[in-house]
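Please read it alongside the sequence and the model.

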Amino acid sequence: EDSEDDKIKMPVRIAFKRAYELFPNKLTTRVKKHYAKEFDKEQHRHAVIVHRELAAWNAEYGGSKNITKEQLREKDDLTAKLDVLEMKNLPATDPLKEDPGALYQIILFYDGENYRVIIDTDGTDSTGDLSQLPADKAMTDYYKEYQYGTFSNVDMLNYAVNIYQEGKVVSIVCDAGAHGSHVAGIAARYHPDAEGEEETEANGVAPGAKLISLKIGDSRLGSMETGTAMTRAMIEAVKHKCDVINLSYGEGCVRPNSGRFVALAEQLVYKHGIVFVSSAGNNGPALTTVGAPGGNSECIIGVAAYVSPKMMEAQYSMRSKIDTEE
């Protein structure tokens, strides 16, 4: 028999994550409205039942002079239920009025080759038996098997995972907005028709190019980028041997060609031979209207859009007057 030291240990780690910490702010608002509406419907349904019970009590005991303490307690109990169901006399800060959102259980384990994660998003583990979770929900680093899941049919938010530090850190990655998908479609969208023929008018600039999505926008900050996220993204770009980087972010700066980000971008371009393209911003045309880093870093190719008066007329204006008279 093998000794205890010879046996392979398979550690399992369990953690929890709140859904609203992952969702974009607008999605959180929409989901809260949905569940508030569903909650109110259930509250109203139960309130109708209690109203009927209270009406029955009044019909039976309302005119009686010999009401027992037990019968009075029954009425008080029904009245208290209505106060809760109809949210009467509750302060604005009462926990019953706050929606904390779903709490996802995260289970990590090592299968002998890869660390894998199961995110229990639908309560299949409500009994506490982890064996009831389907094995096909176990996901590893996205770049290895391209797995993704959807939190629920209400939020319709897809997610993937990446695992770091020998299973000590699990990154749950989901969109903070639609801008990345928009830009990716412009760059590499490939759109065959029903017969498999290519619809060239619907294609991007380089249809079928392989894309790697490196998220830098923090959902908690309204998709604003952080220096830490941008540094990690550049490390991953080198790791995955990217040929071209597109950064559709930008803002003003005081000094061009300076700062930690520019230093790292120069390493990407000059040491690793990666072409770095970034937006020059949506301002101008005028002096000093280009954004950073696209318009203020010599190692980065800045790209800006130009709309001529004729293009503006053709694409963004009405060609004929609309008759508004009845």
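A nonpolar core is a set of buried Ala, Val, Leu, Ile, Met, Phe, Trp, Tyr and Cys residues joined through side-chain atoms within 4.5 Å. Buried means under 20% relative accessible area, exposed over 50%, and partly exposed in between, with a 1.4 Å probe and protein chains only. The model is predicted: local features need pLDDT of at least 70, side-chain atom pairs count only at pLDDT 80 or more, and totals for chains, interfaces and linings use all residues. Residues are numbered from 1 along each chain as its sequence is written, and side-chain values use heavy atoms, with hydrogens and water left out.

**Nonpolar cores**

- The largest nonpolar core holds 21 residues, and Phe23, Ile119, Phe151, Tyr159 and Ile172 have the most contacts inside it.
- At least two residues of this core come from each of helix 1 (25-61), strand 2 (103-110), strand 3 (115-120) and strand 5 (158-164); helices (H or I, at least four residues) and strands (E, at least two) are DSSP runs, numbered from the N terminus.
- Another core lies apart from the largest one and has 19 residues, including Ala237, Ile245, Val269 and Ile274.
- In soluble globular proteins, nonpolar side chains tend to be buried together.
- Beyond its neighbours within four places in sequence, isoleucine 119 is in contact (heavy atoms within 4.5 Å) with Tyr104, Gln105, Ile106, Lys137, Tyr159, Val161 and Ile172.

**Sheet 1-2-3**

- Three strands make an open sheet in the order 1-2-3 with antiparallel pairing; two strands pair if DSSP finds at least two bridges between them.
- Strand 1 (12-18) and strand 3 are at the edges with a single partner strand each, so one side of each has no neighbour in the sheet.
- Direction ignored, neighbouring strands of this sheet are turned by 20° against each other on average; the axes are lines fitted to C-alpha atoms, and angles run from 0 to 180 degrees between N-to-C directions.
- Seven bridges link strand 1 and strand 2 in the antiparallel sense, and valine 12 stands opposite phenylalanine 109 in strand 2.
- Strand 2 and strand 3 are antiparallel over six bridges, with valine 117 of strand 3 as the bridge partner of leucine 108.
- These two strands, strand 2 and strand 3, form a hairpin with four residues between them, and glycine 112 in the turn has a positive phi of about 105°.
- Strand 3 is largely enclosed by the rest of the structure, because six of its six residues are buried.
- On one side of strand 3 the buried residues are Tyr115, Val117 and Ile119, and on the other they are Arg116, Ile118 and Asp120.

- Strand 5 and strand 6 run antiparallel and are joined by five bridges; tyrosine 164 stands opposite valine 169 in strand 6.
- Asparagine 162 belongs to strand 5 and is buried, at a relative accessible area of 18%.
- Residues up to four places away in sequence aside, asparagine 162 touches Asp141, Tyr142, Tyr143, Val169, Val170, Ser171 and Val173.
- The side chain of asparagine 162 reaches the backbone nitrogen of tyrosine 142 at 3.4 Å.

**Cysteines**

- Zero disulfides (pairs of cysteine sulfur atoms within 2.5 Å) are found in a search of the whole structure.
- Cysteine 174 is buried at 4% relative accessible area, and cysteine 299 counts as buried at 8%.

Conventions:
Polar contact = N/O pair within 3.5 Å; in protein donor to acceptor, adjacent residues only side chain to side chain.
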